[in-house]
Amino acid sequence: MPQVFSKSANGVARFVVWATCAALLLAIVIGIALPRSGFVTGVGQAVAQPVPFSHKHHVGQLGLDCRYCHNGVETSSSAGLPATEVCMTCHSQLFTNADMLAPVRASLASGHPLEWQRVNSVPDFVYFNHSIHIAKGVACETCHGEVDDMPLTARAHSLNMGWCLDCHRDPQPNLRPPQDVFLMHWKPPDDIARIRRSLISLLDIHPETMTDCYVCHR
Amino acid sequence: MSAIADIRPIPTAGIAALREQLSSGHDMWRSLDEIARTAEFLRFVEAEFPALADRLPSRLDRRTMLKVMGASLSLAGLTACSKARSIVPYVRQPENVVPGKPRYYATTLSSDGFGIGAVVESHEGRPTKVEGNPDHPASRGATDAIMQAAVLTLFDPDRSRTPLKDGEPAAYGDFLGDMAALASRLAGSGGLGAAVLMEATTSPTAKVQVEALRAQYPRLKIFRHDPLATTAGAQASMALFGKALMPVYRFDRAETIFSLDADFLGEGPGRLAYARDFAARRRVRAPNDSMNRLYAVESTPTITGAAADHRLAMRPSEIEAVAAALDAVLGDQANSTPSIVDPAWMAALTQDLRAAGAKALVVPGSHQSAFVHACALAANAKLGSVGSTVEFIESPDEVRSDGDLAALCSAIADHSVDTVVVLGANPLHTAPSDLDVHNLFSELKLLLHFGLYRDETALHAHWHAPAAHELESWSDSRAYDGTASIVQPLIEPLFGGKTIHEILAALSGRFDADALALVRQTWKALDDTAWRKALRDGVVPDSASKPVPITMAPDLGGLQHHPVTANGFDIRFVADPWLRDGRYANASWLQELPRPLTKLVWGNAALMSPASAERLKLENGGIINIAQGTSNIDAPIWITPGHPDDTVTLSLGFGRKIGSVATLAHGYDAFRLRTSGANWVAAGATIVAREGKAEVITTQHHQAMEGRAIIRHTSLDGFRENPGFVREGVPRMPTESLYPDWNYDEEAWAMAIDLSACIGCMACVSACQSENNIATVGPDECARGHEMHWLRIDRYYSGPIDTPDLFFQPVPCMHCEKAPCEVVCPVNATVHTHDGLNAQVYNRCIGTRYCSQNCPYKVRRFNFLDHQSFDKDEAGPEQAVHNPNVTVRSRGVMEKCTYCVQRISARRIQAQIENRDIVDGEVVTACQQACPTRAITFGDQNKRAAKVVQEKSAPHNYALLEELNTRPRTTYLGKIRNSNPKLAQLGEKTDG
Amino acid sequence: MSLHGIIAVFADPEALTEAACTMRARGYRRMDAFSPFSVRGLAEILGMPKSRLPWVVLGGGILGAVLVYALILYSVEIDYPVNVGGRPLHSWPAFAVIAFEAAILGAALAGFVGMLSANRLPRYYHPVFNAGSFSYARGGKFYLFIEAADPKFRKGVTKGQLTRLGAQSVEEVEA
Amino acid sequence: MAEAAARSTAVLRGRHDFPEISGRIGAIVLDGRLPRHFWTAFFFCFLLVLVFLYSITYLISVGVGAYGIDIPVAWGTMISNFVWWIGIGHAGTLISAVLLLLRQPWRASINRFAEAMTLFAVAMAGLFPILHLGRPWFFYWLLPLPNTHMHWPQWRSPLVWDFAAISTYATVSLLFWYMGLLPDLAVLRDRAKSRAGQLFYGILALGWRGSAFHWARYQTVYFLMAALATPLVVSVHSIVALDFTFAITPGYHSTIFPPYFVAGALLSGFAMVLTIAIPLRWAFSVEDLITLKHMDNAGKLMIAAGMIVIYGYASEAFFAWYSGEPYERAMMWQRAFGPYAPLFWVMLACNCGALQLLWFRRVRLNMPLLFAIALVINIGMWLERYIIVVTGPSRDYLPSSWGEQSLTWLDFGILFGSVGTFFALVFLFIRILPAITIFEVEELAEEKAQAT
């Protein structure tokens, strides 16, 4: 009887078999890598804002303290955004008619708030509390990165659950004396390891309790 | 939670968006609200409501409707959260508002005109939760269901949003214009032909203003319409003391209490304080502790009767006979009247009363006849308890009125009144059926209505003006004992509503009057510091009325016992415990909160005894026709063990025709059967069974404990003989376990619930709903067993069906240490925490519902449908009332009691910041905080001194279904009744 | 077109087996036989060594079980230990169930893949299909095939031997 | 009877019908000349498929609240459908694997579609646990996939065991079935007239050519797989039973469940085999390949499995009483006399009553009657599963939360939809693949020839 398939069929078959295996492998790799990549987490991607506010200028160059604008950070769950008035305390004197600041003046005049775009946000079912992190010596820059180098603010870390857990399981590497939490580019002293160990007991930090679900989900 | 609200009028952007909406929009608005005509709708939505309008789903089935109504409209702040990715700061940050930190303000909520102090939690200016004010005598830190719902009614989008002229929206300016005209006319005529119809109020400011009005317009008439008014007490007091005095009971001093059809735990402005005092005398922890004893004679089952040690069910018309008998016996003119009560019972009662002497207390039912009140007063006097367990005060700030609605109607009928200003009341719905208010009001030249809702009266009136919600108002009021407190606003009026003070001022021709100024004026005695203190504490210091000495007229001041000879059924009218006269009918929380005894939701039924139902050959839901005088209504029956025979209990408040939520409910309108004469009790009604059945929705279908040791109870003597009675004849708790124990070396949260203290008032359930963003699901879903309450109060009957014992058992999550639910969850969505909480992680849950299947207590609730949206954009309106610290659960997710984990976390974070341990009593769960009787204790059972540890160490502490070895953290203290040994011993055995 | 071998058609399994035996006895080593269903013992006759597939299957089973159990242990003991209903972290009875299923799965997969690769399947083109007389479909035909590469192969001789063994037909097969 | 017995062996005479066997079986597929009632039946099933799709869409877009479940009875028809379908699958594996190991010659002509039935049943069953979920789109959280929230399945949960068991079962059944198909696909490849047919079957056949070496390895693995499938099939339904046994709910927490679920599975499985086989052999007049002998044996197996099931019922009731557990006792009483009593008694009538008829050979050989009994038992077994699922939780520990389910159209839409889909798949299978194993029937014929 005649051949159903030509000689090449075997080669094709072998190729198809191996190609399928390779494709599966690739799919797995992508599946693991993609959710952690900047495309998904938005790390390092500056967000367009109604006013191109520059932390680089205000913090890096003028040296404003974080708390000048984010005044809730030590006492409240949310760090808080500056009210238009706060901007105007200076900008009623400086750059009083810079076009860049028109929206701010408009806001004050009309009473309609400025609508900033979120840069660092977690889902609604995640309850992050700034005050406790500040109190326990987790610095601003630990999560928000070196904002004083950011002309336009961008997310510094993925802020996904895995990333949070890393620190909640072993906070020590991210601790510093609470009085230093607002410093940028903080240079750890040489005996930092000992300091951190003492901080754990001093600040009464219990990592074993910090991975309970309700710590973040309520 | 994330975005920051700015309390400010709706941005103009909304209106443009609205225009697109309207094409599809107005249809659903019509369905949502029958009376809206498109033109009108156009105007008022445009004027008031862009935010809600563009959030309404395109088709409103009942459930989506509830989602919109369940808690209502969005403030400007919510348009801010509506874009999930954007975040909006203040323009001018209000002083001492820290975004993310709740603030608490003391204010006063009104209950039948009296004040009950409250502390309201506010998030960035949104009132989200009502707590009791510990410093206020009428609250003592406790709340009830209605107070909890205040925040919900505040955000109710059905509330009146604009003035209406002949039912058409009009500008407030025009309204003021006509008011000016009216005022000048009144000035001219000295108020001739004009009348003001007021609700019950104890506001000193209102009183001052009304008196001023009288002075200004001498011929102005003031009438009072209060459908739930009970006047008999005042009559009796007039007859006996010559002046209308108000009794204040001191249950903390009472040893033996006899309730003559009085529901002092569930009704009246003092109920929370009374419940606290009453239960405080029933905390038995050791054999030598003592306990008060409550005898109750009731014409309808109430929670007071359920709490009684000895209870008799009597026809309402027979209560007078009982009172007479009591009077006779105490007057030593033994059986002058043939007693209808079992002599042994009466003997035991009188013996106990006499023994208690000054510590005895006889309480008359406020709705009962003046004669019953007189007998009770006399009895107290004879027992020497006046001044000890009962004191009398001048009724606080009663606004002097020229009569009730009936009087007004006759005045209109004889044309002596042609202008009526209705302040708050809704006579067209709540008038007795023998008054033809509708026609009479039609004859008026001018009918002004002022109220929260566009209700029947509002739509009939020439002018309607929206009232401000009590959480939006400046006012003041007095508590049951006369203590004055200030009502301060939590939020600017959402719909530009006005307070009653502003309207009264307008009547007197002052249109610029500001409520705060008026109230401050009334309290000018207080200097600014005192005023601020009064605001902060929520009470005006030592403003309580002083008891007045009384001299009692002999032989009951001439009041006679009129034996009722009418045959046929007695009708006993009661106000629905939550909806009252129907004013709260649009609050879905209240509609869906099971009634304490019947566990009915979303509708009322005609309650009758098993015997009567048997005679009529009816079962639950069977329809009867009740004819009384000229009118008659159809109603489904609900068989209620312990209900007196030949009596039917009808509850007011249902059958509303207006209000998007109110109209979802089933049920009849009992006002149509009520006549001026017989406000609360009517004799000689004829009842005939009809064909067919109606759906009566209940959340508990089985009433008996089936011989299981669920509620373990005994008598006081039983307890003294055997303090460990809860362990008698019940399966032992296994001591061995296959698994090694986990040790909880930090906190170990636990709860103890004292069944002897629980009166089943449902305050805890309502508080839980408010605190934890629990969805309402509507009548249809409730009927399918989809209701969502995390905490339920089980009600069981035991003993003979005609005179059963009643038991209540609050059932939250038990937080089992060996939780069956956790092991079966395939995705780790419910796991244990280091402090022993049985945590439920909504965002991890995929809804296999295995945990619920495996929960022996069935305390888990499942979002079967999309009851409240997870997505901020559509959810908008609901968020206004939501607790920002609790996740809103999406469809397909299991949820349950978390021991208010958000509160635990908040306290822990605070403690951690301050580098200290959480102290005992710092964490208070919502249910515990609301409980009037302090039946619930919560704390860390690793702390030796903790209150919860003391409670759990009581000899009668037991865990529910402990034989399953689930090791619950929630345990119960067995129920102890102080039954009189001379009377039949009830409930000696530990099972139902 | 080179010669691939010679194929002989027999009427029944017995004949085929017999022929195979004789040819084998005559020292032919590179032979194959084709039948519509498995003929017992034929493969051994043609000199097939004992199959190692059973070991492959066993290996697959063990591998599956061990991998899965290890994964479970890692997840509950090391990566994210949680207190679930007060049960011990290492609840082996529960984990054993999953390991068992994994074992079966591993074994089955190993068996299937092993069988195909040992048989060099898929192989869509095969010289034997060139034989006009060869048809797998029409049952009742049993074929003996002798490769031209066989040391003892002599076209004429081999043909003759096959015919004498009672072949219904003998045919040359092109490569 | 004699002629029946004669017919039952008619096909296995002489070797000249080898081509005839493969020809006849191949023809069904290749020439596709199928009787009209085949297509009418298929069309009817297709309508049910549409119902199934609509119901599923509705369920997923509205939420699980749209069907009967509630609190306390949070599991409903989805779970009973799942257990029912899984059970049906088991007979196929039993026939193909266990009977193969036991060298039962009569399996040859029915194992192929029995295995196909297994596959489709498992496919149906596999859908239900997902449809059952409140958030079906997250079903993959049951798998240990690498994720950014560092979370794992909860391995102690029987549902995770289920997941493992079902997926394993599906894979193994598929492999086993495909292996069985290989030689027959080769037959079709060589018989196919059209190029398309040649390619289709050719590609699937992987170039099988019946080499003796191939056959040797093939047989080894085929038997090994059978040996694997046997413990697997037992484990699968035992694990399904553990979903219930594992729970402390009265009526669930019963150690008899695993064995009695397996027996129940066989009972319903063989019922389904007959439900398919009887019309099949009549429609394609293959009474001489699927003979009365098969029907007879299937009947015997059913009565065997059925009696174990009955024993299960008995012991369940007995131990509920003997345990002295008030909750277990109350639950049993409620099952028999409570709100679900009607279902309970109907179930007994089907699974215990109707079953007894199979004791009689006359009944086992009477096709219409046998078919009817098979249907009745299918219904009975579904009821059994539903009763087990709902009666427990509806009458558990606290009477305050007692309650029943009220089924909606969706429950039935999905149940009948799945039945229709199942049969539609069976029809498609009959159309495009040989429903009867060609090579084994030929082997059988050969052996018979040896014997004579």
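In which hand does H9(D) pass H10(D)? That was my starting point today, and I kept in mind that this is a predicted model.

**Entry 1: H9 and H10 of chain D**

I looked up the crossing, and H9(D) passes H10(D) in a left-handed way. H10 covers residues 292–322 of chain D, and its axis lies 8 Å from that of H9(D), at an angle of about 150°. Angles over 145 degrees count as roughly antiparallel, so I wrote H9(D) down as roughly antiparallel to H10(D). Next I checked who makes the contact. From H9(D) I noted, among others, D:Tyr260, D:Ala263, D:Leu266, D:Phe270 and D:Val273. From H10(D) the residues include D:His294, D:Met295, D:Leu301, D:Ile308 and D:Gly312. Sorted by class, this contact has 16 nonpolar and four polar residues, and no charged ones.

**Entry 2: H9 and H14 of chain D**

I stayed with H9(D), residues 257–283, and turned to H14(D), residues 367–394. Their axes come within 8 Å and cross at roughly 140°. That angle makes H9(D) oblique to H14(D). The crossing of these two helices is left-handed. On the H9(D) side I found D:Ser268, D:Met272, D:Thr275 and D:Ile278 among the contact residues. The H14(D) side includes D:Met367, D:Phe371, D:Asn378 and D:Glu384. By class I have 12 nonpolar, four polar and one charged residues here.

**Entry 3: a sheet in chain B**

I then moved to chain B, where I found an open sheet of four strands in the order S12-S11-S10-S13, paired in parallel. Which strands are at the edges? They are S12 (310–313) and S13 (360–364), each of which pairs on one side only. On average, neighbouring strands are turned by 10° against each other, with direction ignored. I followed S10(B), residues 256–260, and counted five bridges to S13(B), the two strands running parallel. One pair I can point to is B:Ile257 with its bridge partner B:Leu361 in S13(B). I also saw that H14(B), residues 343–356, packs on this sheet and touches S10, S11, S12 and S13 of chain B. The direction of H14(B) makes about 130° with that of S10(B).

**Entry 4: chain A against chain B**

Here I looked at the contact between chains, which takes 39 residues from chain A and 39 residues from chain B. In chain A, H5 (84–91), H6 (102–110), S1 (116–117) and H7 (130–135) each supply at least two residues to the side that touches chain B. The largest share, three residues, comes from H7(A). By class, that side of chain A has 14 nonpolar, 17 polar and eight charged residues. Strands meet here too: two bridges join S1(A) to S1(B), residues 86–87, and the strands run antiparallel. I located A:Gln117 opposite B:Ser86.

Technical notes
Residues numbered from 1 in each chain as written. Chains lettered and ligands numbered in written order. Predicted model: local features only at pLDDT ≥ 70, side-chain atom pairs only at ≥ 80, totals over all residues. Contact = placed C-beta atoms within 7 Å. Nonpolar A, V, L, I, M, F, W, Y, C, P; charged D, E, K, R; others polar. Pairing = 2+ DSSP bridges. Axes fitted to C-alpha atoms, helices over the stretch in contact; angles between N-to-C directions. Parallel < 35°, antiparallel > 145°, perpendicular 65-115°, else oblique. Left-handed = near helix turned anticlockwise from the far one by under 90°.
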